Amino acid sequence: MKNFFITTPIYYVNDIPHIGHAYTTIACDVIARYKRMSGYNVKFLTGTDEHGQKIQEKALSKNITPQELVDDIHLNFKRLWKILNISNDDFIRTTEQRHVKAVQAVFKKLLDQGDIYKGTYSGYYCVPCETYVPENSMGENKTCPQCGRPLKIMEEESYFFKGSKYIPDLIKFYEQNAKAILPEIRYNEIMSFLRGGVHDQSVSRTSLKWGIPVPGDEKHVIYVWFDALVNYMAALGYPDENSDDFKNFWPCVRHMVGKDIIRFHCVTWPLMLLALGINLPAEIIAHGWWTYEGEKMSKTKGNVIDPFKMVEEYGLDQFRYFLMREIPFGNDGNFSESALVGRINSDLANDLGNLLNRTLQMINNYCGAKVPECDNAESDLSTMSEKILTRVDEAMNKYAFDEALKIIWEFISRANKFIDETTPWKLAKENSDESKAKLNYVLLNLYEALRLSGLLIAPFMPRTSQRIYSQLGIEQDPVTMLYKNFKWGNSAGNVIKKSEVLFPRIDLDEWQKAQDAKKAPQNQTQEQEPEHEPEISIDDFRKIELRVGKIISAEEIKKSKKLYKLEIDLGYEKRTVCSGIKNFFKTDELIGKNIILVTNLKPAKLCGIESNGMILAASKKIDGNAEALTLVIPENLDGIPLGSRVS
Ligand code: MSP
């Protein structure tokens with residue numbers, strides 16, 4: 001049996017999963033499922049990237065350890081993969097022992113053979129992207145070309161990887177394997193980058209604690225990318241190169257990545273592999289980026305598409321279908337909900353849904369729910385079916401998911417047209433032997449067209465495929481079937497079930513109203529000029545004493561609907577404060593949070609308790625009542641003790 005190993009990038013756990021993560025993972029899921037149904041022995045790996053500066057900083061700001069943070073956040077990814085019906089065979093975390101062991105083994109081997117050496121690194125560093133940025137790639141005013149944030153000068157003792165030594169070998173490999181990087185535009189980009197020359201890369205940090213220690217020199221931790229890339233081999237049992245998994249799957253490894261991280265995958269990683277004497281990935285497939293209404297998605301703009309919400313609103317298979325169908329894989333594309341609704345109504349409800357309903361109703365009405373016999377099931381549809389399987393296979397082997405779906409939909413449309421051409425309702429009325437035979441022929445062909453369509457869409461929409469097969473009265477789960485076993489025409493005698501609507505049509509007027517209603521409150525807050533206080537001088541402002549504190553206990557005040565009694569640690573003293581935030585937090589969510597406290601507010605008695613201060617929060621108020629509320633929380637307290645003054 002042929003093997004196939006596909007990997008997603010491992011995702012950073014400093015954030016909640018967004019559409020970019022969902023997109024890569026669904027694409028890998030589709031290809032993994034397709035290859036399984038094509039008879040391959042598949043391994044599909046995903047996971048989380050859990051070390052590095054960003055994680056360390058985020059944990060610090062939350063006053064928890066980095067391990068606690070990653071143990072918690074990686075679960076969001078596992079939850080999303082479950083919701084998206086992802087069929088991964090493994091999930092690797094870079095904090096797992098199997099990974100740490102593999103990374104240290106790689107580092108040690110390269111150190112021992114002289115491909116890693118110690119030196120000093122100095123350069124412009126982008127903390128959020130965890131990368132040193134060469135001067136010729138910096139943005140205006142020394143900013144990061146990736147994220148646009150200001151760069152910091154950093155100097156540190158560092159280990160370097162002598163990747164430059166292997167550049168000629170890598171260029172030669174790519175010259176001989178032009179399909180090792182897909183699509184071609186990315187191949188050309190990497191080739192010109194390589195031909196421009198590549199410096200040795202710094203692969204350790206002393207400025208950071210949260211990482212895998214360099215074996216034998218523990219004040220250094222291994223650079224997060226050097227660490228992360230090894231996950232692909234660690235999951236196969238590396239450093240044991242003789243394990244079955246490694247022997248079976250490494251030679252056919254394929255990495256699916258976004259276009260932003262191809263240098264790490266097409267340059268850094270292959271150089272590491274060349275130095276280790278391990279074969280290079282068979283393919284590195286780079287996809288494009290989703291934008292929202294033409295703009296880059298970003299948290300600050302608040303335009304990041306949340307996959308959890310999309311599935312909840314539009315349905316899982318609808319979302320999966322849209323992502324794979326809407327843009328050619330490799331290109332950037334614009335995410336628009338109206339385009340999604342358009343595809344649901346036309347491709348899914350009209351084309352596929354109607355074909356199923358019309359066919360099942362006719363088999364039910366004219367043949368007593370039993371698929372009829374017919375002597376010869378050859379038709380335009382059966383001829384087309386053979387070509388379709390080959391054409392879909394060609395498209396899938398190029399990772400042209402949109403093309404594969406277009407080909408499947410050509411077939412679905414042809415089947416719908418077949419109904420209009422053969423007019424089975426007229427044949428049913430005619431009541432002659434000839435018309436009866438023709439009717440049987442038509443209905444058997446339509447049933448077979450659905451059986452094939454259900455099979456072809458299985459990698460993209462596994463649940464829908466299962467629902468179609470169940471309505472066709474086929475017990476075996478289509479996702480476990482093999483394409484090569486599909487034979488046209490031998491379904492006579494199958495008993496269909498009652499037809500159910502596969503994809504409810506979305507009423508466009510209702511949908512538009514709901515969209516407008518969703519936008520309305522935001523517009524109001526943006527457009528309404530808030531009420532302003534009179535101007536104050538800086539001296540006026542200084543009269544307000546604001547200090548950093550930490551909530552160390554929170555209790556309900558039984559008599560009050562809104563208030564909690566909080567104990568605040570200011571470092572130099574502890575304060576009791578009554579705070580009207582009961583409707584927005586549970587008590588245990590508050591404990592451990594750093595906050596900003598107004599410390600010189602006149603004490604006030606609330607529900608019999610003396611309150612000595614006020615914590616800062618932002619809220620959205622309607623008729624004077626807070627409807628939403630968020631605490632003002634210092635982002636990170638690195639070196640800032642409790643009690644520090646806020647100015
Ligand atoms: N941790 C690294 C990968 C290490 S792999 C050894 C990383 N993680 S990430 O979480 O930031 O990004 C993961 C993937 O999400 C990347 O492939 C990236 O291209 C993809 N996307 C992030 N935003 C995206 C869009 N808006 N659209 C499509 N994919 C994008 O990088």
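Analyst: A residue counts as near a molecule or strand if one of its heavy atoms lies within 4 Å of it. This is a predicted model, in which local features need pLDDT of at least 70 and side-chain atom pairs count only at pLDDT 80 or more, while totals for chains, interfaces and linings use all residues. Residues are numbered from 1 along each chain as its sequence is written, and side-chain values use heavy atoms, without hydrogens and water.

User: How many residues surround the ligand?
Analyst: Among the closest are Asp49, Gly258 and Asp260. The shell includes 12 nonpolar residues (Ala, Val, Leu, Ile, Met, Phe, Trp, Tyr, Cys and Pro), 8 polar and 2 charged (Asp, Glu, Lys and Arg; the others, Gly among them, are polar). The number of residues that surround the ligand is 22.

User: Which element gives the most to the shell around the ligand?
Analyst: Helices (H or I, at least four residues) and strands (E, at least two) are DSSP runs, numbered from the N terminus. Elements that supply at least two shell residues include β2 (11-12), α1 (19-37) and β13 (253-258). With 3 residues, the element that gives the most is α7.

User: What share of the ligand's accessible area does the protein cover?
Analyst: Polar contacts are pairs of N or O atoms within 3.5 Å. A polar backbone atom of Ile10 lies 2.8 Å from a ligand nitrogen, and a backbone N or O atom of Trp290 is 2.9 Å from a ligand nitrogen. Of the 670 Å² accessible area that the ligand has on its own (Shrake-Rupley method, 1.4 Å probe), the protein covers 93%.

Methods:
A polar contact is a pair of N or O atoms within 3.5 Å; within protein, one must be able to donate a hydrogen and the other to accept it, and residues adjacent in sequence count only if both atoms are side-chain atoms.
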